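Happy to go through this one with you.

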Amino acid sequence: DLKFQQRCYKSAKKSVKRVLGRIGNFLVRQSSLPDQPVMDATGFPWARMLEENFAEIREELDRVMTFRESIPKVYDVQREQYRISSDDKWKVFMLYGWGHVSRTGERMCPETARIVRKIPGVRSAFFSILDAGAHIPDHRGHVKGLLRGQLAVRVPEQSEACFLRVEDQICHWQEGRLLVFDDTYRHEVQNNSDQERVVLLLHFDRPMNRLGRTVNACLMSVIKRTPFVRKAVRNHAEWEDRFRRQLAAAGVAMP
């Protein structure tokens, strides 16, 4: 019975969120950082390294954007994201995710990949490409052991028209600067300008004491094996295969 299956799915989803909430409360108590929506990026030792290599990252993004029409939409990789992005205005170019390295990402962005590997506890890294007029509606994550970083790589000239809202804080991107926030707080993104916005988006472990790191590592190991992550990895691998065949058919050599 379809309705029964849907009820079971919703019940299981609520149970998982409750468990993640309790684990999250524990992890916050093990953290050296306050539990707040937006963090001071200068408090992360690797932030300066990332910002100092902005020129190289921007150059590699420019190379990626020559293949812009082939870059997958976010819901092509993660079907569950359809709820917050059902059009083609949000695309992602993967470098790394949950232990899986994108071969295409590494070949097209070798310096960016090298820099990302130096970030302690990084779990995923990709270019998040938001078209003019795009809107990612209000939503929230559920994994308190992770923080989200965004290095602004392309920012519209109308920078005030493009923003991230985290709870009641409005954040504007500055090219070459890192923004860090906790995505378990409600947030949304609007690009009301007539130009695209691109950030290098990172998920990385929240700084914690030894006990917190141990519990978080166990949780990350479980999440890595969930259908949500496994399907996303498989979807991206299928896109990579199609992309390579497309380049070969067009006689274009992979960088």
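Predicted model: local features only at pLDDT ≥ 70, side-chain atom pairs only at ≥ 80, totals over all residues.

Q: What makes R58 and D62 a salt bridge?
A: A side-chain nitrogen of Lys or Arg has to lie within 4 Å of a carboxyl oxygen of Asp or Glu. For R58 and D62 the N to O distance is 3.4 Å, so the pair meets the rule.

Q: Where do R58 and D62 lie?
A: Both belong to helix α3 (residues 54-64), four residues apart, which is about one turn of the helix.

Q: What does the pair of R68 and E196 tie together?
A: R68 sits in the loop between α3 and α4 (74-77), while E196 sits in the loop between β10 (187-191) and β11 (197-205), so the bridge ties together parts that are 128 residues apart in sequence.

Q: Why is R68 called buried?
A: Its relative accessible area is 16%, and buried means under 20%, so R68 qualifies.

Q: What makes R186 and D138 a salt bridge?
A: The N to O distance is 2.4 Å, which lies within the 4 Å limit, so this pair counts as well. The bridge links distant parts of the chain, with R186 in the loop between β9 and β10 and D138 in strand β5 (residues 135-139), 48 residues apart. R186 is partly exposed at 35%, and D138 is partly exposed at 27%.

Q: How many salt bridges does the rule give?
A: The count comes to 21. R58, D62, R68, D131, R154, E175 and E196 are linked in a network of them.

Q: Which residues lie nearest the centre of the second largest pocket?
A: They are A41, E51, R177, L178 and L179, out of a lining of 18 residues. The pocket holds about 220 Å³ of space. Its lining has ten nonpolar, four polar and four charged residues. At least two lining residues come from each of β1 (38-39), α2 (47-52), β6 (146-154) and β9 (178-181).

Terms used: Residues numbered from 1 in each chain as written. Heavy atoms only, no water. 1 Å grid on protein atoms, 1.4 Å probe; cavity = no way out; pocket = protein on both sides within 12 Å on 5 of 7 lines; lining within 4 Å. Points joined across faces, edges and corners; volume = space filled by probe spheres on them. Nonpolar A, V, L, I, M, F, W, Y, C, P; charged D, E, K, R; others polar. Buried < 20%, exposed > 50% of the residue type's maximum accessible area, 1.4 Å probe, protein only.
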